[in-house]
Amino acid sequence: MEGTKTKVCKVSELLPGQAKSATVGSKEIGVFNIDGKFYAIDNICIHAGGPLHEGAIDPKNCQVTCSWHGWAFDLATGKCVTHPRQDVFTGTYTVTVEGEEIFVEVK
Ligand code: FES
């Protein structure tokens, strides 16, 4: 099935350590810049719906911690690292950079 690929913003609008939300298809996606590499996960926290792009970013561990109740997610895998014994994952999405623009694809 073809995915929905949507322009999020320019590279210059999402600096290292920053995050923003974007609507891609029917999903709310959080897009993060970790030391110049881009990651995209479901922006609506799977715990109770907190906005993950407003969470605390930990570039060293490539994680974001939800500002509502502290669930932390690995931005690369989507795994909830604060619940290691459960198989708790949030969705991750492909980010591509074309020229000066960042795109996220939802399949
Ligand atoms: S809503 Fe994100 S930790 Fe509760």
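Visitor: Is Glu 101 buried, partly exposed or exposed?

Guide: Glu 101 is partly exposed, since its relative accessible area is 24%. Buried means under 20% relative accessible area, exposed means over 50%, and partly exposed lies in between (1.4 Å probe, protein chains only). Please note that this is a predicted model, in which local features need pLDDT of at least 70 and side-chain atom pairs count only at pLDDT 80 or more, while totals for chains, interfaces and linings use all residues. Residues are numbered from 1 along each chain as its sequence is written, and side-chain values use heavy atoms, with hydrogens and water left out.

Visitor: Which side chain does Glu 101 meet in a salt bridge?

Guide: Its partner is Lys 7, at 3.1 Å from N to O. A salt bridge here is a side-chain nitrogen of Lys or Arg within 4 Å of a carboxyl oxygen of Asp or Glu. The pair links distant parts of the chain, with Glu 101 in strand S9 (residues 101-106) and Lys 7 in strand S1, 94 residues apart. Strands (E, at least two residues) and helices (H or I, at least four) are DSSP runs, numbered from the N terminus. Lys 7 is partly exposed, at a relative accessible area of 43%.

Visitor: How many salt bridges does a search of the whole structure find?

Guide: The search finds two. Lys 5 counts as partly exposed at 43% relative accessibility, and Glu 98 counts as partly exposed at 39%.

Visitor: Over the face of which residue does Lys 5 lie?

Guide: Lys 5 lies over the face of Phe 103, at 5.6 Å from the ring centre. The criterion is NZ of Lys or CZ of Arg within 6 Å of the ring centre and within 35 degrees of the ring normal.

Visitor: Changing topic: why does Val 24 count as buried?

Guide: Val 24 counts as buried because its relative accessibility is 0%. Its place is in strand S2 (residues 19-24).

Visitor: What does Val 24 touch?

Guide: Not counting residues up to four places away in sequence, Val 24 touches Thr 4, Thr 6, Ile 29, Val 104 and Val 106. Contact means heavy atoms within 4.5 Å. Val 24 and Val 106 are 82 residues apart in sequence, yet 6.7 Å apart in space from C-alpha to C-alpha.

Visitor: And where is Gln 63 placed?

Guide: Gln 63 is in strand S6 (residues 63-65). At 18% relative accessibility, Gln 63 counts as buried. Leaving aside neighbours within four places in sequence, its contacts include Ala 56, Ile 57, Phe 73 and Val 81.

Visitor: Finally, the whole chain: how many helices and strands?

Guide: The chain has zero helices and nine strands. Its radius of gyration is 13 Å, close to the 13 Å that the globule rule gives for 107 residues, so the chain is as compact as a globular protein of that length. That radius is taken over C-alpha atoms, and the rule is 2.2 Å times the number of residues to the power 0.38.

Visitor: What share of the residues counts as buried?

Guide: Of the 107 residues, 39% count as buried.
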